[in-house]
Amino acid sequence: MIISSISFKGGVGKSTCATNIATCLAHKGYKVCLVDADDVTKSAMKWAGRRDAKEHKPRIQTVGVYEPKGFIQAVKGQYEHYDALIIDSPPSDKPVSSKIILASSLVVIPVAPKGAVDLWIVEEFLKRYEEIQDSMGSSIPAYFLLNQYKPALNLHRAFEDNLKKYADAYGIGLLKARFHDRVAYGECIGKGMGVIEYDNITAKREVTAVVDELLAAYQKL
Ligand SMILES: Nc1ncnc2c1ncn2[C@@H]1O[C@H](COP(=O)(O)OP(=O)(O)OP(=O)(O)O)[C@@H](O)[C@H]1O
Ligand SMILES: [Mg+2]
């Protein structure tokens, strides 16, 4: 299974999502490789560099693949050695972005429900996503993941309703599980950990719920 975490918006949680899906799958026994395709922030590589080989097990192989030319072949070549590849993406529509989508068996689109701008960029992404699929005659399932969600906020609940409309219009799924706004996510990324390995039981549960939903979706493919 090749899962990409992608959006054309910066700071929505692409790297948080990728590193947490990767660690959660690794703890479930999958042989996981994390692929960093964001040549500017290189957050996945930095995360891996902070992961203590003795303290944080299992080991998660992390590689940087940044060149659009040969991207799909490089990723598929890497996949031969693993059960799961998780790709972290850059925050805009770069030449590598379409390659990331085409290399994926499942696409996760983290969305921060902060306001209209986030929805406008979701729409830009979805238009491009359709174009990419049409150009290749392929259909790649995609799921929105609400991130930094605060259920008490009217703004966030209204955002979710609008996101559902986009999901329906473009045939995209919306994961029932979501990441709430929690300090644990910020703390873990700086330590090279996933929240599955941390002391916040609620965060652990929500990451596990997201991964279980993705695994169920993958099994139906
Ligand atoms: N659910 C969450 N709760 C609290 N903080 C979060 C959550 N998700 C992400 N963050 C924080 O938000 C910031 C942006 O997250 P992250 O780096 O994962 O986003 P990104 O989309 O990969 O950003 P970029 O576009 O710069 O690559 C980080 O400081 C991260 O720790
Ligand atoms: Mg990132």
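Predicted model: local features only at pLDDT ≥ 70, side-chain atom pairs only at ≥ 80, totals over all residues.
The strands form an open sheet of seven members in the order S3-S2-S4-S1-S5-S6-S7, and their pairing is parallel. The edges are strand S3 (61-64) and strand S7 (173-174), each of which pairs on one side only. Helix H1 packs on this sheet, where it touches strand S1 (2-5), strand S2 (32-36), strand S4 (84-88), strand S5 (106-111) and S6. The direction of H1 makes about 165° with that of S4.

Strand S4 pairs with S2 and with S1. The pairing of S2 and S4 is parallel and comprises five bridges; within it, Val35 has Ile87 of S4 as its bridge partner. S1 and S4 also run parallel and are joined by four bridges, with Ser4 standing opposite Ile87. Five of the five residues of S4 are buried, so the strand is largely enclosed by the rest of the structure. In a regular strand the side chains alternate between the two faces of the sheet. In S4 both faces are covered: Ala84, Ile86 and Asp88 are buried on one side, and Leu85 and Ile87 are buried on the other.

Strand S5 is likewise described by its burial and its two pairings. Five of the six residues of S5 are buried, and the strand is therefore largely enclosed by the rest of the structure. Three bridges link S5 to S1 in the parallel sense, and Ile3 has Leu106 of S5 as its bridge partner. Five bridges link S5 to S6, again in the parallel sense, and Ile109 stands opposite Phe144 of S6. Phe144 also has a bridge partner in S7, namely Leu174. S6 (residues 142-146) and S7 run parallel and are joined by two bridges.

The largest nonpolar core contains 61 residues, and Leu34 and Ile86 have the most contacts inside it. Helix H1 (residues 14-27) gives the most to this core, with seven residues. Leaving aside residues up to four places away in sequence, Leu34 touches Ala18, Thr19, Ala22, Ala44, Ala48, Ile60, Thr62, Ile86 and Asp88. The contacts of Leu34 therefore include Ile86 and Asp88, which are buried on one side of S4, because each has 20 or more other C-beta atoms within 10 Å of its own.

Ligand 1 is surrounded by 19 residues, of which Gly10, Ser15, Thr16, Pro91 and Gly186 are the closest. By residue class, this shell consists of five nonpolar, 10 polar and four charged residues. H1 and helix H7 (183-191) each supply at least two residues of the shell.

Ser43 lies in helix H2 (residues 43-50). With 17 other C-beta atoms within 10 Å, Ser43 is partly exposed. Apart from residues up to four places away in sequence, Ser43 touches Ser15, Asp38 and Asp88. Of these contacts, Ser15 is also among the residues closest to ligand 1, and Asp88 is one of the buried residues of S4. Ser43 and Cys188 are 145 residues apart along the chain, and their C-alpha atoms are separated by 13 Å.

Key
Residues numbered from 1 in each chain as written. Chains lettered and ligands numbered in written order. Core = buried A, V, L, I, M, F, W, Y, C linked by C-beta atoms within 7 Å. Buried ≥ 20, exposed ≤ 12 C-beta atoms within 10 Å, placed from the backbone. Contact = placed C-beta atoms within 7 Å. Near = placed C-beta within 6 Å. Nonpolar A, V, L, I, M, F, W, Y, C, P; charged D, E, K, R; others polar. Pairing = 2+ DSSP bridges. Axes fitted to C-alpha atoms, helices over the stretch in contact; angles between N-to-C directions.
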